[in-house]
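Let's take a walk through this fold, one piece at a time. Keep the picture open beside you as we go.

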Amino acid sequence: MADTSGPGTGWQAVLRAEGYRLTPQRELVLRAVERLGHATVEEVHQDVVRQHASVNISTVYRTLALLDEFGLIRQVYLTDRTPVYHSTSVPSHVHLSCTGCGQVIDADPDDFTPLAATLVRKHGFAPHVDRLVLSGLCADCRRRESDADPGPTGGQERSARPGPTVEG
Ligand SMILES: [Zn+2]
Ligand SMILES: [Zn+2]
């Protein structure tokens, strides 16, 4: 077995220490996550099959779980539905997840230090700031919303049309 020992290669050192090997296929998945930023399993799979058409999605699932276990990537729930993955080689960040368009903005965790300190003081609770996800509206969506809406008082709610409920 060829030992490609190179100093300064972070994840290889991690894996060797753990006694795992990063097979070419696993590396392909890791590279895809690093390249895509915040990607779902499907998105990672689509990226991987472009280079290796034979890799199926259940392999990608297993590999992602393994890489998460290795600490090379992190699973994050930006919505309550589908998890995405990001590489742990990027600086830690707080996810600002837009419910309007789905884009994710990476915020500096230092901005949340005062909040974290407050939570510790008031509740004795120390949040995992680098796993924090805040849902909200991005600048573009807020602009779009205020363009569409004449104002907070102009909301005409379209009530459900009264109609016969047919059951069959
Ligand atoms: Zn992230
Ligand atoms: Zn948005």
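Strands here are DSSP runs of at least two residues (E), helices are runs of at least four (H or I), and both are numbered from the N terminus. Two strands count as paired if DSSP finds at least two bridges between them. Within this pairing, His95 sits opposite Asp106 of E4. Five residues lie between the two strands of the hairpin, and Gly102 takes a positive phi near 85 degrees there.

Before going further, a word on what you're looking at. This is a predicted model, in which local features need pLDDT of at least 70 and side-chain atom pairs count only at pLDDT 80 or more, while totals for chains, interfaces and linings use all residues. Residues are numbered from 1 along each chain as its sequence is written, and chains are lettered from A and ligands numbered from 1 in the order in which they are written.

Back to the strands. On its other pairing, strand E3 (residues 94-98) meets E5 in the parallel sense, again over four bridges, with Cys98 having Gly136 as its bridge partner in E5. Put together, that gives an open, three-stranded sheet in the order E4-E3-E5, with mixed pairing. Strand E4 (104-107) and E5 are at the edges with a single partner strand each, so one side of each has no neighbour in the sheet. On average, neighbouring strands of the sheet are turned by 25 degrees against each other, direction ignored.

Now zoom out. The protein has six helices and five strands, which follow one another along the sequence as α-α-α-α-β-β-β-β-α-β-α.

How do helices H2 and H4 cross? The axes of H2 (residues 24-36) and H4 (residues 57-70) come within 10 Å and cross at roughly 80 degrees; the axes are lines fitted to C-alpha atoms over the stretch in contact, with angles running from 0 to 180 degrees between N-to-C directions. The two helices are therefore roughly perpendicular, a label that covers 65 to 115 degrees. On the H2 side the contact uses Gln25, Arg26, Val29 and Leu30, and on the H4 side Val60, Thr63, Leu64, Leu66 and Leu67. Contact means C-beta atoms, placed from the backbone, within 7 Å.

Some of those names come back in the largest nonpolar core, which has 16 residues; Val29, Val33, Val44, Leu64, Ile73 and Tyr85 have the most contacts inside it. Such a core is a set of buried Ala, Val, Leu, Ile, Met, Phe, Trp, Tyr and Cys residues joined through C-beta atoms within 7 Å. A residue is buried if 20 or more other C-beta atoms lie within 10 Å of its own, exposed if 12 or fewer, and partly exposed in between. H2, helix H3 (41-49), H4 and strand E2 (83-87) each give two or more residues to this core, and H2 provides the largest share, four residues. Leaving out residues up to four places away in sequence, Tyr85 touches Val33, Ala39, Val44, Leu64, Ile73, Arg74 and Gln75.

Finally, look at Val129, in the loop between helix H5 (113-123) and strand E5 (133-136). Val129 counts as partly exposed because it has 18 C-beta neighbours inside 10 Å. Beyond its neighbours within four places in sequence, Val129 contacts Val94, Pro109, Phe112 and Ala116.

How values were computed
Angles under 35 degrees count as roughly parallel, over 145 as roughly antiparallel, 65 to 115 as roughly perpendicular and the rest as oblique. Two residues are in contact if their C-beta atoms, placed from the backbone, lie within 7 Å.
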